[in-house]
Amino acid sequence: MASIDVQDRSIYTRTLGIERDPLELPRRHLDDRGREVAPDLIALMGDTPMVALNRLSADVPPTMIAKLEMLNPGGSVKDRIGIAMIEAAEAAGQLKPGGTIVEPTSGNTGVGLAIVAARRGYRCVFVVPDKVSNDKISLLRAYGAEVVVCPTAVAPEDPRSYYSVSDRLAAQPNAFKPDQYFNPANPQSHVFSTGPELWRQTDGQIDALVLGVGTGGTTTGVGRYLKERKPDVTIVGADPEGSLYSGDEARPYLVEGIGEDFWPDTFDPSMVDVWERVSDAESFAMARRCAREEGILVGGSCGTALVAAHRYAATQPADATIVVLLPDSGRGYLSKFYDDTWMAEHGFVEHASGAGSVADVLDFKGEYLPPVVHLHPDESVAAAITLLKEFGVSQMPVFRDGVHDHATSDDVIGSVRENALLDAALRDADVMSKPIVEVLQPPLPTVDVGAPIDEVLGSLAAGAPAVMATDDGHSVGVLTRADVLTFLAGQD
Ligand SMILES: Cc1ncc(COP(=O)(O)O)c(C=O)c1O
């Protein structure tokens with residue numbers, strides 16, 4: 001990161017306070033008739049409130065306080081860098097009236113940029129990979145931005161790739177690419193806003209700041225400011241398991257917005273004194289707890305920061321003050337970790353740990369030890385469909401001829417699955433009279449009746465339509481996704 005000087009005052013951030021004493025009280029916006037009315041939404045970026053986290057800190061000695069960055073007008077901490085990068089580019093002549101802002105982002109930075117673009121008359125084009133959810137694309141389009149969706153299944157050098165398309169668009173005349181991972185205005189915006197706000201709001205009584213690291217802009221900027229004011233302040237980096245930052249080998253994880261598999265220019269790692277590594281499961285469980293117990297609906301990376309803050313706080317004395325920065329709201333994640341089905345499908349079952357075994361689900365279904373409904377290889381496809389319909393299931397195991405009960409894995413030769421039957425019917429008009437051995441699918445994965453439910457969820461999340469439960473190697477039942485979810489819902 002050596003190239004970036006975050007104290008460089010020539011980088012222009014009028015809105016965030018380069019022209020005012022950053023320690024003055026929150027801006028009071030008065031219109032020309034003395035009324036408290038801001039001139040536009042941009043003027044309301046920053047100056048976010050802080051709140052005590054009494055419930056989440058009840059079992060640790062220190063005071064825990066949150067800085068509520070989701071209360072920025074665009075819903076996240078990224079409002080600060082949106083306006084800062086645009087004002088710096090305007091001042092440097094890189095962005096002229098009527099210009100186009102091009103950024104490869106699908107997240108909060110896009111919203112921050114789009115708000116400023118809408119107000120100041122810039123065109124905004126965001127380049128996103130095709131795995132991005134429709135909700136996120138719709139959100140950016142709602143602000144009037146254009147969104148170009150690029151295929152992920154092509155090499156970076158392919159002209160259709162995310163990288164090629166954004167480079168090409170940014171090379172157009174009058175286009176400007178803010179590039180949040182390289183732009184010094186990103187960390188610097190926090191030197192001029194977030195850092196001084198934290199200092200003023202806590203009256204300097206801050207012993208540690210806990211925050212997730214994405215581009216590193218917040219950490220670098222706030223870290224520089226606070227350490228200048230109070231050299232022994234501790235910066236705790238909250239990092240997802242699977243991120244390179246805290247020394248993990250990079251691998252996928254589900255928390256969004258923080259952790260990386262490379263070192264961005266905007267991150268000065270020397271700012272971080274302590275790393276706390278946090279799993280997806282811990283982050284999501286904590287975010288959900290924060291909504292239920294504190295009434296603060298937070299995003300997944302807030303969960304990560306809260307887990308790290310709580311863990312760190314447990315080692316600190318009662319007179320310590322630990323501040324945790326909460327970057328965005330949970331509104332953007334309602335169909336993800338706030339959704340019980342999504343949690344269960346991804347193996348994050350808060351109440352299931354200890355909630356039981358495969359046998360419990362079979363019991364709940366009222367099906368423990370009945371003969372397993374099955375087929376034999378010579379039965380016709382038409383007969384298989386009748387049986388699937390009769391039992392209201394979409395898959396069934398196929399046992400060796402002559403085996404009717406207590407089948408072992410040697411007796412199971414495969415399975416019949418509704419979607420494969422449909423495929424076969426489309427390809428072959430005569431399939432109904434054919435033996436099912438011609439449309440045989442692999443056996444269902446097996447799981448022992450004593451295994452925890454999480455194990456079944458793992459197989460189901462990996463794409464299996466159902467699993468075969470076995471007792472001492474003998475099949476005793478089939479569990480579908482619906483069976484497991486119904487059981488879990490009934491446990492609440
Ligand atoms: C949800 C969320 N949390 C945390 C961060 C981290 O902030 P920064 O990029 O300043 O390190 C980001 C930014 O990427 C984010 O979107």
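How many helices and strands does the protein chain have?

1. The protein chain has 15 helices and 15 strands. Helices (H or I, at least four residues) and strands (E, at least two) are DSSP runs, numbered from the N terminus. This is a predicted model, in which local features need pLDDT of at least 70 and side-chain atom pairs count only at pLDDT 80 or more, while totals for chains, interfaces and linings use all residues. Residues are numbered from 1 along each chain as its sequence is written, and side-chain values use heavy atoms, with hydrogens and water left out.

2. On overall dimensions, the C-alpha trace of the protein chain spans about 85 × 60 × 45 Å along its principal axes. Of the 492 residues in the chain, 51% are buried (buried means under 20% relative accessible area, exposed over 50%, partly exposed in between, with a 1.4 Å probe and protein chains only).

3. The domain assignment, whose bounds come from an automatic or database source, divides the protein chain into domain 1 (41-76 + 190-338), domain 2 (97-173) and domain 3 (342-490). Between the C-alpha centres of domain 2 and domain 3 there are 44 Å.

4. Helix H4 covers residues 162-170, and its buried residues are Ser 164, Val 165, Ser 166 and Ala 170. Their cover includes strand S3 (100-103), strand S4 (123-129), strand S5 (146-150) and strand S6 (175-176). Contact here means heavy atoms within 4.5 Å. Among contacts in the protein chain between residues at least 6 apart in sequence, 68% join residues at least 24 apart.

5. Around the ligand there are 14 residues, the closest being Lys 78, Gly 214, Thr 215, Gly 216 and Thr 218; a residue is near a molecule if one of its heavy atoms lies within 4 Å of it. This shell divides into three nonpolar, eight polar and three charged residues. Ala, Val, Leu, Ile, Met, Phe, Trp, Tyr, Cys and Pro count as nonpolar, Asp, Glu, Lys and Arg as charged, and the others, Gly among them, as polar.

6. Polar contacts (pairs of N or O atoms within 3.5 Å) also deserve attention. A polar backbone atom of Gly 216 lies 2.8 Å from an oxygen atom of the ligand. For Gly 257, a backbone N or O atom is 2.9 Å from an oxygen atom of the ligand. Ser 301 places a polar side-chain atom 2.8 Å from a nitrogen atom of the ligand. The protein covers 92% of the 380 Å² of accessible area that the ligand has on its own, with areas from the Shrake-Rupley method and a 1.4 Å probe.

7. Glu 228 is located in helix H7 (residues 217-229). Glu 228 counts as exposed because its relative accessibility is 60%.

Terms used
Polar contact = N/O pair within 3.5 Å; in protein donor to acceptor, adjacent residues only side chain to side chain.
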